[in-house]
Amino acid sequence: IVKYIPIARANNISIMLTQFRGNHMELKETIMEGHNFSLEQLGVLLQLIPTDEELKIMSNLSEDPAKLSEPERFLAMLSGIPRLRSKVQAMIFIKQFDSWVQEFQEGVDAILRACEQVQISQEIQTLFGVSLQVGNILHMGTSRYGAKGIKLESMLKMRDLKVTKKAAGAGGGGGGEQGQGGENFERIRHFLDYVVYLCWKEKGFDAQSLSKSLGKVVAKATGYKQSDLLHLMKNLNAGLSIVSKEIECKKSADECKWLEDFYARANVVKKETEKSADAALHAVSNMNTYLAQDKNADSDETFGLLWNLICCVESSWKHVSE
């Protein structure tokens, strides 16, 4: 008979206990020893943790716990585990640690590779070089003349600038025959088409090569939000702090052996991930500067703009070169 807790709470406890095999009253030892629970079971354990009111009730019991209902007897047993919530949170963190580190490292590797490929891409150099050259010619005599770089946003806005054959001829990259008109010249619709046309006719530019060399790596890097990766790093630090505090509170040398072994390994991994994070942030800053972006812009913001540009350039190239 349930005497000390609401019937609904007792029923919920009985249902949740079906997640654990064997004698439920032996769970105290398995928790203290850091038993390899599943994440689902650990989530259930968090819900089973006695509330402050339940702790007060169980600590003031005068009758034999063996005479209690199973849900109440189970709560009485859990009430005797020191720092139960901290222990369960530590076990959850340990279960998630390797997958978090893997996700973090995959994101960092994708960002580092994309940053490297962007800065060695001949196609990017050609595209930006011609865009800057033509832009300076068109802005000759204005305050915008003599620009040293061109932003990704400005490159994308070229699609909104309609051009006439006369204007296009006046802004020709080399001023030669190709700049004045030639094969497929009449297919130019807007300024980005014109820049791509000049790259193609005067520099041998191939947008398909740009897509092959950068498309996949940039698209992959775009999928990893810098804020999410930094959040993962914060979660790693927060989890290690929980583990560290639990170790500091141990009552005997053997009480937290399972945590101490993990903590030693995890600290080494943490230092490696911090080095990777610093390298990635430095690489992103350099890439942003190279692309005339704000050096503190998030990697996914820059890669998103670049990926959009690559797609637009390939579309323009196919249009003017067919």
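A: Let's start with a term: a residue is buried when its relative accessible area is under 20%, exposed when it is over 50%, and partly exposed in between (1.4 Å probe, protein chains only). The structure is a predicted model, in which local features need pLDDT of at least 70 and side-chain atom pairs count only at pLDDT 80 or more, while totals for chains, interfaces and linings use all residues. Residues are numbered from 1 along each chain as its sequence is written, and side-chain values use heavy atoms, with hydrogens and water left out.

Q: Which residue forms a salt bridge with Asp193?

A: A salt bridge here is a side-chain nitrogen of Lys or Arg within 4 Å of a carboxyl oxygen of Asp or Glu. For Asp193 the partner is Arg189, with 2.6 Å between the closest N and O atoms. Arg189 is partly exposed, at 36% relative accessible area.

Q: How many salt bridges does this rule count?

A: The count comes to 10. One of them joins Arg9 to Glu54, with the closest N and O atoms 2.8 Å apart. This pair links distant parts of the chain, 45 residues apart: Arg9 sits in helix H1 (residues 7-16) and Glu54 in helix H4 (residues 52-59). Helices are DSSP runs of H or I with at least four residues, numbered from the N terminus. Arg9 counts as buried at 16% relative accessibility, and Glu54 does too, at 7%.

Q: Where do Lys87 and Glu246 lie?

A: Their side chains meet in a salt bridge at 2.6 Å, N to O. Lys87 belongs to helix H6 and Glu246 to helix H13 (residues 226-248), so the pair ties together parts 159 residues apart in sequence. Lys87 is buried at 2% relative accessibility, as is Glu246 at 1%. Arg83 joins Lys87 and Glu246 in a network of salt bridges.

Q: What volume does the largest pocket have?

A: On a 1 Å grid over the protein atoms alone, a pocket is an open set of points where a 1.4 Å probe fits, with protein on both sides within 12 Å along at least five of seven lines; lining residues have an atom within 4 Å of a point. The largest one here has a volume of about 440 Å³. Of its 17 lining residues, Gly135, His139, Arg144, Ile150 and Ser154 are the closest to the centre. The lining has 8 nonpolar, 6 polar and 3 charged residues.

Q: Which helix gives the most to that lining?

A: H7 does, with 5 residues. H7 (122-138) and H8 (152-157) each supply at least two.

Q: What span does H7 reach?

A: The expected span of a helix is 1.5 Å times one less than its number of residues. H7, with 17 residues, reaches 24 Å from its first C-alpha to its last, close to the 24 Å expected. Its buried residues include Glu123, Phe128, Val134 and Gly135. Among the elements covering the buried residues of H7 are H6, H8, helix H11 (191-203) and helix H14 (257-290).

Q: What does Leu132 touch, not counting residues up to four places away in sequence?

A: Contact means heavy atoms within 4.5 Å. Leu132, which lies in H7, touches Ala147, Lys148, Gly149 and Ile150. Ile81 is 51 residues from Leu132 in sequence and 69 Å away in space, C-alpha to C-alpha.

Terms used. Grid points are joined across faces, edges and corners, and a volume is the space filled by probe spheres set on the points. Ala, Val, Leu, Ile, Met, Phe, Trp, Tyr, Cys and Pro count as nonpolar, Asp, Glu, Lys and Arg as charged, and the others, Gly among them, as polar.
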